[in-house]
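Load the model in your viewer and keep the selection tool at hand. Each stop below says what to select and what is there.

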Amino acid sequence: MEDTLNKTQDVKQQEALHTDLLTVNMGPQHPATHGVLRVEIKTDSEIVVQATPYLGYLHRCMEKHSENLDYRGIIPFTDRMDYLGAMGMEWGYVHGVEKMLGTEIPERAEYIRIIVAELQRIASHLMYFGTYAIDLGAFTPFLYAFQDREEILRLFEELSGARLLYNYIWVGGVWNDITDDQLRRIDTFCTKMEENMKKYHDLVGMNAIFRDRTANVGVVTPEMAYQYGATGAVLRGSGVEWDLRKKKPYGYYEKFDFDVVTGKGEMGTVGDCWDRYYVRVFEIFESIKILRQALDGIEEGPIMGKVPKIIKLPKGEIYTKTECPRGELGYHIVSDGGKTPYRVKVKSSCFTHTSMLPELGKGQMIADFVATIGSIDIVLGEVDR
């Protein structure tokens, strides 16, 4: 009886012991934070009690610069937001200017825009695929992904003269035409990429360790996605069938047949890290489907519409959004009728997804939090702008 009482007192004493939380800084220079993101996490042993992201390490005054540049001069600055998806950054901005200007885009230019945008989506998803595998301890998939991505970057280099920051999609069309030889190479690339992605998915997505690290981890419910305004693969990973290319088509997307990939909880819970992986990998197959239709449909013709030498937008404002590799990118352009915008405001999907980290991280193991950060696939250039 006395022993039992002593044990009970020991347990009460242990429960009454005060333990401090450990503060750990992940980043701003850390392989698991993807760019210069700093997340301050407070941990109770291996459990994350609180996660606070700190931004601004890559802030480059993009929006303020835009108030002092003419409308053409802003395009290269849009590249620098998401440098892994720069074609999409350019297209969104140019689309807004063209709508205010009332410019008609030649058909060939529209097709070229779709070709480069979908190639960019594949390149971006390959980057995610490779770096996410590294986050979870696998190095070889990174090499496979970069080998395929390199072919896209070489093509972009031929088209624009640059590998990452292109300044290729201009107001009225595109800067440079695409050759028949380049179109044939894209067709060959599509065939090879389709075969490779099947192998990569078997290698990584169906791997037991990868499934254990990502299934039922970092679950974003549809309600949570709506509350935070998530878009892109993060929203679709939660089972929501929403893609601007389908729901509110821009350019020539309404002419193309493709499916919107959504998470189904095949390995765990709908909206977990594995579902976000699944959406991005299978979106590559859908991009290939779009590319093949574009290659069949593209015809000879001009690549630039009629655009005044000095662009002056009518007084007013516009908000346009496009479906970029990491989600919806919105531009709010305000014109006072002059040569430079009065205001250019950018709505970033990466910023939105970063804001979800405190809620997602709470209660996770540290290792699972690393998997969660990688799964939302952010680029800090777009977050900080």
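## First stop: a helical pair

Select E195: this residue is partly exposed, with a relative accessible area of 44%. Here buried means under 20% relative accessible area, exposed means over 50%, and partly exposed lies in between, with a 1.4 Å probe and protein chains only. Before going on, note that this is a predicted model: local features need pLDDT of at least 70, side-chain atom pairs count only at pLDDT 80 or more, and totals for chains, interfaces and linings use all residues. Residues are numbered from 1 along each chain as its sequence is written, and side-chain values use heavy atoms, with hydrogens and water left out.

K198 and E195 form a salt bridge, with the closest N and O atoms 3.8 Å apart. The term salt bridge stands for a side-chain nitrogen of Lys or Arg within 4 Å of a carboxyl oxygen of Asp or Glu. Why are K198 and E195 separated by about one helical turn? Because they are three residues apart in helix α7 (residues 180-205). Helices are DSSP runs of H or I with at least four residues, strands are runs of E with at least two, and both are numbered from the N terminus.

## Salt bridges away from the surface

The whole structure holds 26 salt bridges. Select R326 and D82 for one of them. Their side chains meet at 2.9 Å, N to O. R326 sits in the loop between β6 (316-324) and β7 (327-335), and D82 in the loop between α3 (75-79) and α4 (86-101), so the pair ties together parts that are 244 residues apart in sequence. R326 and D82 are both buried.

Next, select D243 and R236. This salt bridge spans 3.7 Å, N to O. D243 is buried, at 1% relative accessibility. R236 is buried as well, at 0%.

Which charged residue is buried yet has no salt bridge? Select D272. The nearest side chain of opposite charge belongs to R276, 6.5 Å away. For charge, Lys and Arg count as positive and Asp and Glu as negative, while His and the chain ends are not counted. D272 is in the loop between α11 (244-247) and α12 (273-297).

## Helix α15

Select residues 366-376. Eight of the 11 residues of this helix, α15, are buried, so it is largely enclosed by the rest of the structure. The buried set is F369, V370, A371, T372, I373, G374, S375 and I376. Pick S375, which has 0% relative accessibility. Draw a distance from S375 to G85: the C-alpha atoms are 17 Å apart, across 290 residues of chain. Then step past the helix to D377, where phi is positive, near 50°.

## Positive phi

Most residues other than glycine have a negative phi. Select N216, where phi is positive, about 65°. N216 is in the loop between α8 (208-214) and α9 (222-228). Its relative accessible area is 48%, which makes N216 partly exposed.

Go on to R385. Phi is positive here too, near 60°. R385 is in the segment after α16 (380-384). R385 is buried, at 12% relative accessible area.

## A nonpolar patch

Select I134, F139 and L143. They make a nonpolar surface patch of about 280 Å². Patch members have over 30% relative accessible area and no salt bridge; like charges are joined within 9 Å, and nonpolar side chains (Val, Leu, Ile, Met, Phe, Trp, Tyr) within 5 Å. L143 lies in helix α6 (residues 140-160). L143 is partly exposed, at 45%.

## Last stop: the annotated spans

An unreviewed UniProt entry annotates both spans as "domain: NADH-quinone oxidoreductase subunit D". Residues 135-310 are 55% helix and 2% strand, with end C-alpha atoms 47 Å apart. Residues 311-385 are 36% helix and 31% strand, with end C-alpha atoms 24 Å apart.

Definitions and conventions: UniProt positions renumbered as here; feature names shortened; annotations may be inferred. Areas by Shrake-Rupley, 256 points an atom, 1.4 Å probe, with all protein chains shown as cover.
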